[in-house]
Amino acid sequence: MPLMGQKNFRVLNKPVTRVDALDKVTGRAQYAADLNFPNMLYGGCLRSGLSHANIVKIDTSKAKAIPGVKAVLTAADVPKPKSWADYYYLADKIRYIGDVVAIVAAESKEALSDALKAIEVEYEELPGVYTIDEALEPNAVQVREKGVGLVDGIPTPGTKGNAFLESYFPIRKGNVEEAFKKCDVIIEREYRTQFIEHSYIEPEACVAVSNPVDGTMTVYSSSQNPHFSRRYIADALQIPMNKARLVQQTLGGSFGGKEELVGLTVGRAALLAKATGQPVKMVLNREESFLESSKRHPFRIRYKVGATKDGKILAFEGQLVDNAGAYNNQTQFMNCRASIHSAGVYNIPNVKTDTFGVFTNNIHGGAMRGYSSPQIIFAQESLMEELAEALNMDPIELRRKNLLKQGDLTITSQKLVQPTIISEMLDHVLEKTDFVAKREAYNKQTGSKQKGIGLVTCYRGAGLGAETVDASGAFITALEDGSVLINSGTAENGQGLKTAYSQIVAETLGVKVEDIHHIGVDTHAIPDSGMTVASRGTVMGAQSMKKAAEKLKILILETAKEMLNASPLDEVIIEDSVCFLKSEPSRSVSLGEVCNNRLWAGKQLAVYEWFEPKPLNPDHHTGQGDVFPTYAYACVVAEVEVDLETGYVDVLKVTAAHDCGTVINPATAKGQIYGGIAMGMGFACTEEVEVNKGKLRTKNFDSYIFPTAVDVPEMDAILFECDDTEGTFGAKSLGEPATEAVGAAIANAVNSVLVRTKGERLRRLPFDLERVVLGKSLRAGGNA
Amino acid sequence: MDKVKVNMFVNGKPVSLEVKPYARLLDVLREDLGLTGTKEGCGVGECGACTVIVDGETVNTCLTLAASMDGKHITTIEGLMENEKLHPIQEAFIKHNALQCGFCTPGLIMSAKALLDSNPNPSTEQIKVAISGNLCRCTGYEQVVDAIKEVAEKSK
Ligand code: FES
Ligand code: FES
């Protein structure tokens with residue numbers, strides 16, 4: 001059943017209209033910055049402009065004296081300057097350019113800006129380390145006390161250095177030393193990637209409002225993970241969690257990014273609201289967002305791979321190091337995923353990889369769409385091309401020989417018991433793109449503008465897997481008119497979660513989608529379900545929603561049967577909010593009548609259900625064991641034209657095939673894929689947060705360039721399905737798969753041109769004008 | 001600093017305001033008039049989230065002084081519905097799933113409207129150029145262009 005459309009659903013598989021579309025096209029959707037409260041103050045932050053310095057003295061007296069200024073706070077004024085998540089609300093020392101030295105609340109934006117300028121701070125600048133290479137030098141400045149050194153290339157407790165011990169994940173499968181001896185061809189390569197800005201169009205924003213009566217601090221915010229933001233309120237103010245309330249507003253994009261900085265902003269606004277007794281609104285401008293928000297981690301990836309001459313990969317070794325920045329609360333989770341995917345979608349018997357982060361005085365890496373996969377797939381799939389070259393073999397053949405199949409073992413020795421459809425997808429995409437014929441035709445080109453075509457195969461562990469627990473809770477209430485309220489601890493971040501959940505409830509319960517309203521997260525009203533990350537919202541997060549709908553359905557059927565005088569043998573069906581006898585559909589009762597009956601009979605109409613995933617316990621010393629419930633496969637082809645004189649890469653077409661398991665909604669699924677292609681194109685060609693000794697050259701969208709409508713290629717999104725039993729209704733992850741392979745496919749396409757015309761290959765993203773023409777960047781790169 | 005008096009028309013209604021000479025049109029719309037459908041994404045004229053139509057042309061309100069609006073007719077996203085009925089561009093955006101987070105959406109719709117008002121039958125290329133000042137990080141523009149194309153085709 002490879003292509004979508006062969007499953008039998010009533011509501012799933014259909015392009016149901018987004019439930020939030022009307023609010024968004026009319027401009028009435030309320031984002032955090034749109035809110036106003038009586039007596040509201042404006043909050044703002046002072047940053048140092050430095051990337052490593054001691055704070056010698058702070059004088060806030062002049063700022064406090066400015067009329068309209070209500071509070072000026074520094075680290076000395078707050079109960080807990082350091083947050084629970086490593087970062088500081090208010091720093092006592094500058095460890096990177098984003099650190100905040102003071103926060104201010106004032107009656108007007110003018111008074112706020114005057115006050116920030118009037119704060120006098122004396123700094124003592126310190127030498128720092130900024131790149132992965134610098135951090136690993138033997139006598140490098142130690143950025144963090146907890147940093148450790150390397151022994152034989154491995155982070156080792158008890159030694160001093162910059163390696164982030166908790167972020168170290170080894171994979172040990174088979175015996176690589178012995179296996180390399182049996183290889184006919186062995187190559188060693190190094191690949192590097194850059195800092196990437198999420199570039200959600202809405203900058204971080206919140207309003208903190210304290211309730212003087214019961215002491216509750218409520219913050220309305222642009223949080224990706226509302227329950228995690230709540231933790232920052234309780235932590236900053238040192239109040240019990242039940243007095244900290246976070247209400248998520250419509251979110252203007254996140255892609256993993258609206259976590260740490262939003263949390264800190266929420267904490268800072270809460271501190272100012274507490275200090276002044278007035279509501280405080282904090283809206284970051286784009287420059288502030290660039291300075292302090294997390295970025296996609298830059299990686300330095302060193303690979304050694306060996307194969308027999310007929311193309312069977314026998315041994316794989318790697319060291320994957322990421323730049324964690326000055327603080328980090330993500331690398332220790334992300335590198336789990338990075339290690340598991342460190343050798344690609346191939347069946348390799350002997351693997352030894354080491355993945356770890358290093359602390360630097362640079363901007364920090366966080367979660368960004370893919371969570372290490374765009375970087376690793378770029379390296380991994382570049383390596384496949386280079387190995388094919390060394391073997392003098394067609395890279396398609398090399399992939400075919402080594403692709404994982406159902407029943408094979410991954411590099412963690414997890415047996416793939418679910419359908420493993422990557423080979424089928426590869427064949428389909430090769431044919432649909434006319435790959436082989438185009439490649440041949442392109443090989444005959446001459447001139448300064450030449451076309452290239454590139455291919456990538458990959459897979460992704462669905463949901464959180466072994467990174468952390470993938471549990472969730474959901475709530476459904478049926479009302480006496482037959483309308484239904486639903487809510488989940490996982491959040492709508494623009495990806496379409498409310499629509500997907502409404503469809504899942506409609507499919508399960510038989511209620512009309514229009515009769516369902518998803519409330520959205522208010523942490524006082526729905527329990528914590530962990531983060532809305534890891535493309536887990538549908539595949540795992542919706543499991544509890546489905547369970548709740550199933551439970552409610554049992555309750556409703558019980559009453560419907562009574563009302564329809566059904567015999568024990570009669571089956572009652574609910575469809576489009578009507579309950580009827582299967583054998584005699586004209587005998588029916590509306591869902592509203594059933595609910596009304598239950599309400600006045602004092603019967604349960606609300607259900608809260610919890611989903612606990614099956615346990616996954618890999619061995620941390622070897623990385624061996626089952627690590628994800630299932631995997632989503634992808635095959636992406638990119639076609640480009642490279643101007644060899646200017647270095648301009650024109651991405652002409654991207655064909656992206658994704659194994660969705662079950663497509664919940666083809667319109668929103670394709671929306672994910674199209675957006676993912678644009679984002680992957682930026683990653684490959686233009687995007688880089690350029691840093692020089694921790695200071696940013698790119699601070700806004702005039703210098704940080706990502707695709708506009710005229711830049712994006714022709715796109716073909718192909719939706720595959722299969723009979724996978726792990727996810728909700730068989731669905732798999734898609735949000736991150738949508739972007740993770742695109743950059744690598746474009747890179748392979750560009751390199752096909754460069755290898756042909758210049759005999760050279762680029763191994764450092766992005767492939768911008770300078771790199772394509774000169775093979776290097778003239779400007780400093782964050783990971784140069 | 002002395003305030004400047006402006007008389008302008010916002011969504012068809014006359015508005016008289018005293019504004020600071022340096023006040024951005026964006027802030028006046030959002031804060032003084034409560035029209036928060038117009039968004040701020042970059043503040044430097046790059047993202048187009050703050051796009052409105054002034055006398056038939058799109059402008060970035062983050063780069064426009066409110067004081068310069070005397071006598072002008074301004075249309076914001078809030079002015080698109082007529083008698084509670086959606087504008088065809090709004091309907092097409094809904095139908096084609098042309099939005100995700102929605103933060104860029106008001107700006108995109110205003111750019112599309114300015115285009116179609118002046119050129120009801122644009123080519124796909126002209127549509128793309130017309131919205132190239134509106135950055136969207138979610139959609140990849142594909143379904144946005146589809147939506148605008150459909151409105152253009154229907155008007156034929
Ligand atoms: S906010 Fe005006 S163009 Fe970005
Ligand atoms: S829909 Fe999110 S930026 Fe366009």
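Q: Are R18(A) and E492(A) buried or exposed?
A: Both R18(A) and E492(A) are buried. That word stands for under 20% relative accessible area, while exposed means over 50% and partly exposed lies in between (1.4 Å probe, protein chains only). A friendly note on the basis: this is a predicted model, where local features need pLDDT of at least 70, side-chain atom pairs count only at pLDDT 80 or more, and totals for chains, interfaces and linings use all residues. Side-chain values use heavy atoms, without hydrogens and water, residues are numbered from 1 along each chain as its sequence is written, and chains are lettered from A and ligands numbered from 1 in the order in which they are written.

Q: What makes R18(A) and E492(A) a salt bridge?
A: The rule asks for a side-chain nitrogen of Lys or Arg within 4 Å of a carboxyl oxygen of Asp or Glu. In this pair the closest N and O atoms are 3.4 Å apart, so the pair qualifies. R18(A) sits in the segment before α1 (21-25) and E492(A) in the loop between β22 (484-488) and α14 (497-509) of chain A, so parts 474 residues apart in sequence are tied together. Helices (H or I, at least four residues) and strands (E, at least two) are DSSP runs, numbered from the N terminus.

Q: Why is R189(A) called partly exposed?
A: Its relative accessible area is 24%, which falls between the 20% and 50% limits, so R189(A) is partly exposed.

Q: What makes R761(A) and E386(A) a salt bridge?
A: Their closest N and O atoms are 3.9 Å apart, within the 4 Å limit, so the pair counts. R761(A) lies in the loop between α19 (742-758) and α20 (769-774), and E386(A) in helix α10, 375 residues apart.

Q: What sets the bounds of domain 1 and domain 2 of chain A?
A: Bounds come from an automatic or database domain assignment. That assignment gives domain 1 as 21-26 + 471-611 and domain 2 as 32-127 + 204-283. The centres of these two domains, taken over C-alpha atoms, are 39 Å apart.
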